[in-house]
Amino acid sequence: MARFLQGRPIPGAMLSAVTDPTTDDTAAQAVQVARLYYHQGLTTDAIARELGLSRPKVSRLLTLARRTGLVEIRIHDPQAQPQSLEAQLRARYPFLHPLVVSVPPGSPESVWLDRVAVAAARLLGQVLRPGQIVGLAWGTTLDAVSRVLTPRPVTNLQFVQLNGSANALDFMSGFVTDTITRFAANYGARAHLFPVPTFFDDPATRAAMWRERSVQHVLDLQERADVLLYSVGAASAQVPSHVYAAGYLDDADLRALHAQGVAGDIATVFFREDGSYQGLPINARSSGPDLGLTRRAQHAICVVSGLGKVPALRAALQGTLMTALVIDEVTARTLLHDPPPQLG
């Protein structure tokens, strides 16, 4: 296992070539120092002599590089539980890039969500590039992610809301708009909100609304998204999915979903236990996108924490409705203990 030693390189450290978090000379100097330290193996004293800097200045630049995401440190321990779980997930789901997050033994699910949110925020920061479009499906999990982002401007970045947030009680949910705008503000990006009902009463009304130019603009951005970030919704989650907890579905809707074998939803588009979503009546009224979008985007990142979401996650994996998964180790272990599905 790698050790952290003062003034010496850290074995197993990885220098990430991510988009620079700042554009000033300090950031460039931090990259230079980080390369000498991690790639060339120079001590802080040697770097200070080579660059004509003080040793405290070198230490501050290394701290800046780690804090802003220019450097990512990962310890590759073959005996570590998260890495073992990641390998098992890759073996079961060959299409998947998993990131398993360790959590304190005996900790509650709220702590798991906090840890997973931090890991998801870091992963998002690594994949973002100038000019990209990011589709966001709002909910409890993404709200948690939005609160732990590391500020970093990214040129010409756009965030688009994937599904409407209005219901009978609140036409434009502040919970949802705050989440979307928080992501956009963190990266100096533009936010495209989607002020339509989460669920329409009549599919014909939805079809008419979808012909409006303002709505078509949002739908076009969704379709062109390079990155998708979302969770799976589940009525049984201990930390409730917002769509179930905030009155978007009435008792009749919930009974119908149960009778139709629905396992969960992504962006308020529902899917069955086998991962299929076509033909479900409620999806004709939903404002969410066709879930084929999760297979077309370059990065379709699903963030899941909590044992109550395991059935929904299993179904989404059965349907290959993601390319990457950020998950806590307890939920991952529970998922893997179930019999492996037959992927279609």
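Predicted model: local features only at pLDDT ≥ 70, side-chain atom pairs only at ≥ 80, totals over all residues.
Helices are DSSP runs (H or I, at least four residues), as are strands (E, at least two), numbered from the N terminus.

Which residues make the contact (heavy atoms within 4.5 Å)? From α13 come Val-310, Leu-313, Arg-314 and Leu-317, and from α14 come Thr-331, Thr-334 and Leu-335.

## Rings that pair

Let's turn to the aromatic side chains. Rings of Phe, Tyr and Trp (its six-membered ring) pair if their centres lie within 6.5 Å; planes under 30 degrees apart count as stacked, over 60 as edge-to-face and the rest as tilted. By this rule there are 7 aromatic pairs.

One of them is the stacked pair of Phe-199 and Phe-270, 6.1 Å centre to centre with 25° between the planes. Phe-199 sits in the loop between β6 (190-192) and α8 (203-209) and Phe-270 in strand β9 (residues 269-272), so the pair ties together parts 71 residues apart in sequence. Phe-270 counts as buried (under 20% relative accessible area; exposed is over 50%, partly exposed in between; 1.4 Å probe, protein chains only) because its relative accessibility is 0%.

## How to read this

Residues are numbered from 1 along each chain as its sequence is written. Local features need pLDDT of at least 70, side-chain atom pairs count only at pLDDT 80 or more, totals for chains, interfaces and linings use all residues, and side-chain values use heavy atoms, leaving out hydrogens and water.

Definitions and conventions. Contact = heavy atoms within 4.5 Å.
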